[in-house]
Amino acid sequence: MKAILMMLGCLYGSVATAQFVVCKRPEVVQIDRREVSNKEWAAFLQFTRNDPALSRKYSQSMKPSQWSSNKLSLNRQHEPITGISWQQALAYCDWRSITATYLATHAKPATYQQMKQANARAKTRITYRLPTDEEFKRLPIPPTTDTRAGISFRCVRSVKKTA
């Protein structure tokens, strides 16, 4: 599993470190230790632009409000992403889930639809979501807040083995 996280880190520019949290559910989940970065968001944007299904699905701009252009400034790439909506954060979590599950058994990403179809048969599903209110309150470091652009976000990761 660590190899998968490292692969995602290499692919999308993050080092996968997470805090383990046990929820009321019988599962163990991981909350990212840091917020989703501008670089990770840029990888998501690049994927959505290049994938026919996603470019149609997300016809509205997924560009954060604080980005003046579609290009990411090199000196801000490791800063937390801010200026996105709740729906955009959910779309990112969905994309990250589909990609992580697929990369658990494949060497490189495919189109969104191909990954989604292959994941329907996956024996292990990796899911990313936004934290619950309870999980959010227990974060050791509060999220970054930019008064001009809004709040950053972290993802919660869970792994489920199917029969």
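Author: In α2, Asn38, Glu40, Trp41, Ala43, Phe44, Leu45, Phe47 and Thr48 are buried (under 20% relative accessible area; exposed is over 50%, partly exposed in between, with a 1.4 Å probe and protein chains only). This is a predicted model, where local features need pLDDT of at least 70, side-chain atom pairs count only at pLDDT 80 or more, and totals for chains, interfaces and linings use all residues. Residues are numbered from 1 along each chain as its sequence is written, and side-chain values use heavy atoms, with hydrogens and water left out.

Reader: How many residues does helix α2 have, and what should they span?
Author: Helices are DSSP runs of H or I, at least four residues, and strands are E runs of at least two, numbered from the N terminus. The expected span is 1.5 Å times one less than the number of residues. Helix α2 (residues 38-50) has 13 residues and should span 18 Å, which agrees with its end C-alpha atoms being 18 Å apart.

Reader: Is Trp67 buried or exposed?
Author: Trp67 is buried, at a relative accessible area of 7%. You'll find Trp67 in the loop between α3 (52-57) and α4 (86-103). Its C-alpha atom is 9.6 Å from that of Asn38, 29 residues apart along the chain.

Reader: And which side chain does Gln30 contact?
Author: Gln30 sits in strand β2 (residues 28-32) and is buried, at 10% relative accessible area. A polar contact of 2.4 Å links its side chain to that of Arg157 (N or O atoms within 3.5 Å; within protein, one must be able to donate a hydrogen and the other to accept it, and residues adjacent in sequence count only if both atoms are side-chain atoms).
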